[in-house]
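Hi everyone, thanks for making time. I'd like to walk you through one model today, so please have a look at it with me.

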Amino acid sequence: MTVLPHSVVFAYRNMGQIKTIPIQIPQPERSLGIMQLDGAPRLPASEKLKRFILLGFEDLKTLILRHENAVVWGG
């Protein structure tokens with residue numbers, strides 16, 4: 001038994017390899033960020049990677065919200 005981030009459980013939800021117990025565990029907020037040196041030239045590959053990451057997280061956010069709204073958690 002272990003505590004996993006919601007994103008990991010969500011990623012494996014359809015594989016049948018993870019069973020969850022719907023409990024709330026207090027934990028600190030976490031943030032992800034992309035750091036860029038101010039005034040530095042923007043390389044096309046770096047900008048493309050940044051857009052890919054940002055779009056990926058927007059898509060993941062939408063999927064997680066849809067999933068959370070569809071699941072009835074026991075309690």
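Let's begin with Ala45, which is exposed because its relative accessible area is 59%. Here buried means under 20% relative accessible area, exposed over 50%, and partly exposed in between, with a 1.4 Å probe and protein chains only. Ala45 sits in helix α2; helices are DSSP runs of H or I with at least four residues, and strands are runs of E with at least two, numbered from the N terminus. From Ala45 to Ala11 there are 34 residues in sequence and 27 Å in space, C-alpha to C-alpha.

A quick word on what you are looking at. This is a predicted model, where local features need pLDDT of at least 70 and side-chain atom pairs count only at pLDDT 80 or more, while totals for chains, interfaces and linings use all residues. Residues are numbered from 1 along each chain as its sequence is written, and side-chain values use heavy atoms, with hydrogens and water left out.

Now, the charged side chains. How many salt bridges are there? The count is two, taking a salt bridge as a side-chain nitrogen of Lys or Arg within 4 Å of a carboxyl oxygen of Asp or Glu. One joins Glu47 to Arg42, with the closest N and O atoms 3.9 Å apart. The other pairs Lys50 with Glu47 at 3.4 Å, N to O. Lys50 and Glu47 are three residues apart in helix α2, so about one helical turn separates them. Together, Arg42, Glu47 and Lys50 form a salt-bridge network.

A pocket is an open set of points on a 1 Å grid over the protein atoms alone, where a 1.4 Å probe fits, with protein on both sides within 12 Å along at least five of seven lines; lining residues have an atom within 4 Å of a point. Grid points are joined across faces, edges and corners, and the volume is the space filled by probe spheres set on them.

The largest pocket holds about 1,600 Å³. Its lining has 36 residues, and Leu4, Pro5, His6, Ser7 and Gln27 are the closest to the centre. Which helix gives the largest share of that lining? That would be α2, with eight residues. By class, the lining has 20 nonpolar, nine polar and seven charged residues.

The second largest pocket has a volume of about 180 Å³. Its lining has 13 residues, and Glu47 comes back here: Ile34, Met35, Gln36, Ser46 and Glu47 lie nearest the centre.

Last stop, the surface. Leu32, Ile34, Leu49, Phe52, Ile53, Leu54 and Phe57 make a nonpolar patch of about 740 Å². Phe57 belongs to helix α2, residues 44-70, and is partly exposed because its relative accessibility is 44%.

Notes: Patch = residues over 30% accessible without salt bridge, like charges linked within 9 Å, V, L, I, M, F, W, Y side chains within 5 Å. Areas by Shrake-Rupley, 256 points an atom, 1.4 Å probe, with all protein chains shown as cover. Nonpolar A, V, L, I, M, F, W, Y, C, P; charged D, E, K, R; others polar.
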